[in-house]
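Hi there,

Here is the structure I promised to pass on. Please have a look at it, and then read on for what I found.

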Amino acid sequence: MTSTDFDVVVVGFGPAGAVAACLLGQAGLRTLAIDRVVAVWDKPRAIAIDHEIMRLFQNLGMADKVLPHVAPFTASEHFGADGQLIRRIDMVPPPYPQGYTPSMVFTQPPVEAALRAHAASYPSVEVQLGVEFISLEQATDHVAVTLQAPQADPSIVTAAYVIGCDGASSTVRQHLGIAFEDLVFDEPWMVIDVRVNDAGLAKLPATAAQFCEPARPSTFIVGPGNHRRWEIMLLPGEDPRTMERPKQVWQLLSRWLSPGDGELWRASSYRFHALVASQWRAGRVFLAGDAAHQQPPFIGQGMCQGIRDVGNLSWKLAAVIRGTAFSALLDTYGEERDQHVRTLTARIKAIGHTICERDPVAARRRDADLLAQGGGTARTVTRQEIVPPIAAGLLADTAHPANGTLFPQPWVAGADGPRHLDDVVGTGWRMVLDGRAAGAWPNTAMPIVTIQQPGHSGLVEQDGILAAWFDKYGCVGAIVRPDHYVYGVLPDFMSAPAVLDDLKSRLGGRA
Ligand SMILES: Cc1cc2nc3c(=O)[nH]c(=O)nc-3n(C[C@H](O)[C@H](O)[C@H](O)COP(=O)(O)OP(=O)(O)OC[C@H]3O[C@@H](n4cnc5c(N)ncnc54)[C@H](O)[C@@H]3O)c2cc1C
């Protein structure tokens, strides 16, 4: 390979790009992150994150910077055409599988600022703001990226790889000629954020709600502190720009609040789309975040999906750049993420279609069907069961329902009190064994983590999360990837060498 200025150029320093730069910086890769806009946008777009993303922040050593801006996501109660409860979407109950509240609301601007500052704190990461991506040229062993800073001539930097995290209208994607595939969802909605005062808070429900009313479907979300969000469908003939005017916005909110009840933070109209890039990789260039996909925000997964993208890609890039894996590993990025995004988007669309039903007869039929599914009462679905496992890519050949699931993170006992498992054992490839299982532990080069139960010595978990996991999946061990997804499981300790040999042959490199 020719010597390049950087290992990776990250185009776009929004949430996906900032997390990519953090992960690449943590891996010690020479990274350039650029954004054409200097400041973080001071208005929230994403409002929900989940435990997988918080675990990733923990792995970056920045959970303490994010947690002050986070609160639990209250259950979302769905009300039907006649105002009756038809469904609840909640989170899985304690003990929490990833070590954090499974569904959370957060305030995006300070979290995004913290992510940017954290990325810039890595010695191998350079950040250039106010710099626009113009174009790129690919060679067999590098990419030359043309950038434009204000009042300067265009400059060219070279990198082994580029990640386009430049949002929905991605110039990188357009430059590569990659089209979006339309997954067929297109609804006009207004998103309204209000900082509600005490008088207003007293009038509002304590939990989130979906009003699945055919006259005008709408969503209410309880954000952190006094932040409350409404997402309200625009009706045929309503002009989005006119509806964004404060007078119209307060009219839309009049069912809940009046202007004296709070400060309008922002009101913007959006088309809720479902789109996925037809290709996630072109040569040495990858797409991630909104540049690769968009989905309706009904369970608050858009940004989470973008962060999952870069969480998936970063450790693979690090392994390939260091020579510990074949470059073919990078093909598993698109394979895994495309399947996951399509499956989750289909589930979000299905939820969206039930919410967006405008025909009163069909809406009443929907309500009856949903209640029938719950045996006559409103069923509770968890957000965690809606998010699917990985079902393609770098997974063990022997099919098993645990493969591709997110491995839990219990609290483990420590001398100074309980600690998250990852803080004790790290985040690389690992073989996690059930300390209750009989037999000789495998002898392997892969780090082994043996989880014991209270009353035994060693790494003792609290709450029995992993014991229950091993019991559920009928195995004595799991081979866990650096992004915490399960590569494969061990039905017994003797099966370990075969599973590891298979993995080694697939990773290749100098592993
Ligand atoms: C109403 C609404 C509600 C939502 N709610 C949720 C939620 O609750 N939970 C959730 O997870 N997600 C939610 N989302 C989705 C979430 O906001 C997005 O998925 C997320 O912000 C995308 O992050 P990103 O980093 O991929 O792109 P962006 O945030 O769009 O960042 C792209 C960056 O690239 C920069 N850029 C663009 N072009 C160039 C160029 N040529 N050169 C240099 N820089 C460039 C831009 O300036 C920008 O900073 C919601 C979205 C909307 C609209």
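This is a predicted model: local features need pLDDT of at least 70, side-chain atom pairs count only at pLDDT 80 or more; totals for chains, interfaces and linings use all residues.

Where the two touch, domain 1 contributes nine residues and domain 2 contributes seven residues. On the domain 1 side of that contact, α2 and α9 are the elements that give two or more residues. By class, this side has four nonpolar, four polar and one charged residues.

Spanning residues 51-59, α2 is mostly covered, with nine of its nine residues buried; among them are His51, Glu52, Arg55 and Phe57. What do the buried residues of α2 pack against? Their partners are β3 (48-50), α3 (63-66), β7 (103-106), α9, β22 (419-420) and α13 (421-425). After α2 comes Gly61, which has a positive phi, near 80°.

Now to the ligand. There are 32 residues around the ligand, and those that come nearest are Gly12, Gly14, Gly167, Gly289 and Gly302. Which element supplies the largest share of this shell? That is α9, with four residues. Elements that each supply at least two residues are α1 (15-26), β2 (31-35), β9 (132-138) and α9 (302-322). Sorted by class, the shell holds 16 nonpolar, 10 polar and six charged residues.

Best wishes

Technical notes. Residues are numbered from 1 along each chain as its sequence is written. A residue is near a molecule or strand if its C-beta atom, placed from the backbone, lies within 6 Å of it. Ala, Val, Leu, Ile, Met, Phe, Trp, Tyr, Cys and Pro count as nonpolar, Asp, Glu, Lys and Arg as charged, and the others, Gly among them, as polar. A residue is buried if 20 or more other C-beta atoms lie within 10 Å of its own, exposed if 12 or fewer, and partly exposed in between; C-beta atoms are placed from the backbone.
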